[in-house]
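Thanks for coming. I have one chain to go through this morning, so please look at the screen.

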Amino acid sequence: MTVKTLPQPPKVGMVSLGCPKALVDSERILTKLRSDGYAMSPDYAGADVVLVNTCGFLDSAKAESLAAIGEAIAENGRVIVTGCMGNEADVIRARFPDVLAVTGSHQYEAVVEAVHAAAPPVPSPFVDLVPEAGLKLTPRHYSYLKISEGCNHRCKFCIIPSLRGDLVSRPAAAVVREAAKLVEAGTKELLVISQDTSAYGVDIRHAASKWEGREYRAHITDLARDLGKLGAWVRMHYIYPYPHVDQLMPLMAEGLVLPYLDIPFQHASPAVLRRMARPANEAKVLERIRSWRSIVPDLAIRSTFIVGFPGETEDDFRYLLDWLEEAGIDRAGCFKYEAVEGAAANALDGAVPEEVKEERWHRFMAAQARISAARLQCRIGREIDVIIDEADGEGGATGRSQWDAPEIDGQVLLRDTSAAPGDIVRVRIEDADETDLFGVPA
Ligand code: SF4
């Protein structure tokens with residue numbers, strides 16, 4: 001059996017000086033870097049690059065900032081400067097010609113970009129939450145919002161818990177504060193990510209935390225409602241179908257949260273799910289999807305599946321294909337099972353031969369293409385909201401419906417439009433294929 005060894009993620013060190021506002025910036029930069037696949041280094045020696053978030057308010061603070069930059073250069077050598085003193089780039093460069101980049105305060109995207117240039121991220125489909133294409137800086141109009149780290153489950157094919165540990169949720173006030181700042185800065189769509197979004201807050205007993213005089217409870221339903229009130233689209237990723245996910249449906253029906261769920265089912269056959277040690281009961285899931293759609297008829301479900309997991313029989317696989325059809329899964333990615341170093345599944349018997357995996361993968365993709373195409377056909381003739389991602393300046397634009405996440409789902413291709421990236425426009429859908437919709441301004 002070939003076992004895949006994963007590349008080590010680049011490590012970032014951070015020295016954060018100054019006021020609480022600078023600390024919030026540091027938090028946001030680190031959150032973004034974590035969701036881009038970076039690891040944090042607690043010391044200079046282990047860091048591939050060191051960020052110094054400076055303060056330039058008083059002369060004493062400037063002196064402290066310059067000293068911190070000097071120390072980071074001496075101890076590590078690969079240093080990026082940001083924060084208030086970044087506005088005095090000339091002073092910094094004159095004193096420390098070796099700094100890799102200097103960015104000003106709140107230039108959060110520029111800092112992250114500088115880190116990407118200094119220590120490029122190593123995409124890994126086994127651990128990344130953000131799709132590979134999304135590892136570039138996301139455009140200003142949509143942002144990933146990471147609400148927790150780690151996971152309490154122990155799925156046999158997964159090494160996340162051993163890499164990242166058990167679930168650690170961010171306080172709800174910190175999440176809402178970050179989201180509010182993103183919306184203020186122009187974000188129109190918040191993509192909520194974590195390893196297990198529906199478990200958010202379990203580790204901190206759903207404790208409330210305060211921001212600007214209000215309390216925010218760390219529970220996914222409350223968080224979804226609070227985020228929904230910020231006025232941006234809110235898209236939920238990595239939801240497991242626990243019973244309380246039912247409570248998200250009224251929020252979708254009210255328009256506070258997009259009618260979209262990204263649920264990584266991985267399989268449907270009870271025997272395979274048991275062998276995988278997955279946190280979901282398949283029979284109840286079909287019932288639950290039916291009941292969700294009775295409240296939110298437009299609900300789109302995107303998922304990922306693994307074929308060729310050890311012990312998967314032809315019957316298990318056929319069960320999966322039938323289930324896909326019955327569940328009406330709108331979009332699905334499919335992976336051929338691969339052993340990853342450190343995963344418990346490596347000890348399982350019943351390895352599926354490569355050619356069988358390959359054949360099942362093709363059958364899966366064909367079945368899903370048929371299901372996706374049929375579901376998209378139902379959208380023809382409707383008027384829907386579309387968020388614009390790109391415009392060619394000649395009347396053409398590509399955007400996404402509420403049913404499509406960036407990078408992983410389909411697009412809406414528009415003609416005769418003057419819309420610009422970030423605009424949300426009303427569109428009449430004229431046509432569809434198995435991936436995309438085609439439309440004109442309504
Ligand atoms: S739920 Fe399972 S697959 Fe997902 S991160 Fe946790 S252990 Fe890994």
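I will take confidence first, then the sheets, then the annotated sites and the ligand.

This is a predicted model, in which local features need pLDDT of at least 70, side-chain atom pairs count only at pLDDT 80 or more, and totals for chains, interfaces and linings use all residues. Residues are numbered from 1 along each chain as its sequence is written.

On confidence: pLDDT is the predictor's confidence in each residue, from 0 to 100. The chain has a mean pLDDT of 90, with 94% of its residues at 70 or more. Helices here are DSSP runs of H or I with at least four residues, strands are runs of E with at least two, and both are numbered from the N terminus.

Five strands make it up, in the order 3-2-4-5-6, and the pairing is parallel. Its edges are strand 3 (39-40) and strand 6 (101-102), each of which pairs on one side only. Two strands pair if DSSP finds at least two bridges between them. Strand 2 (residues 11-16) and strand 3 have two, in the parallel sense, and V12 stands opposite M40 of strand 3.

Next, the annotated cysteines. The UniProt annotation "binding site", from an unreviewed entry, covers C19, C55 and C84. UniProt positions are in the numbering used here, feature names are shortened, and annotations may be inferred rather than shown by experiment. C55 lies in the loop between strand 4 (49-54) and helix 2 (59-75), while C84 is in the loop between strand 5 (79-83) and helix 3 (89-95). Are these two buried or exposed? C55 counts as buried because it has 21 C-beta neighbours inside 10 Å, and C84 is buried with 23 other C-beta atoms within 10 Å. The cut-offs, with C-beta atoms placed from the backbone, are 20 or more others within 10 Å for buried, 12 or fewer for exposed, and partly exposed in between. For contrast, R370 in helix 12 (residues 354-377) counts as partly exposed, because it has 13 such neighbours inside 10 Å.

On to the ligand. Its surroundings are C151, H153, R154, C155, C158, I160, P161, Q195, D196 and P279; a residue is near a molecule if its C-beta atom, placed from the backbone, lies within 6 Å of it. By class, this shell has six nonpolar, two polar and two charged residues. Nonpolar means Ala, Val, Leu, Ile, Met, Phe, Trp, Tyr, Cys and Pro; charged means Asp, Glu, Lys and Arg; the others, Gly among them, are polar.

Last, the TRAM domain, which the unreviewed UniProt entry places at residues 377-442. That span is 2% helix and 45% strand, and its end C-alpha atoms lie 18 Å apart.

And the barrel: five strands close in the order 18-19-20-22-21, with mixed pairing. Strand 18 (residues 383-391) runs antiparallel to strand 19 (residues 397-400), joined by four bridges, and I387 stands opposite R400. These two strands form a hairpin with five residues between them, and G393 in the turn has a positive phi of about 75°. Strand 19 is joined in turn to strand 20 (residues 412-414) by three bridges, also antiparallel, with A397 partnered by L414. Five bridges link strand 21 (residues 424-432) to strand 22 (residues 437-441), again antiparallel, and here D431 stands opposite F438.

That is the tour; questions, please.
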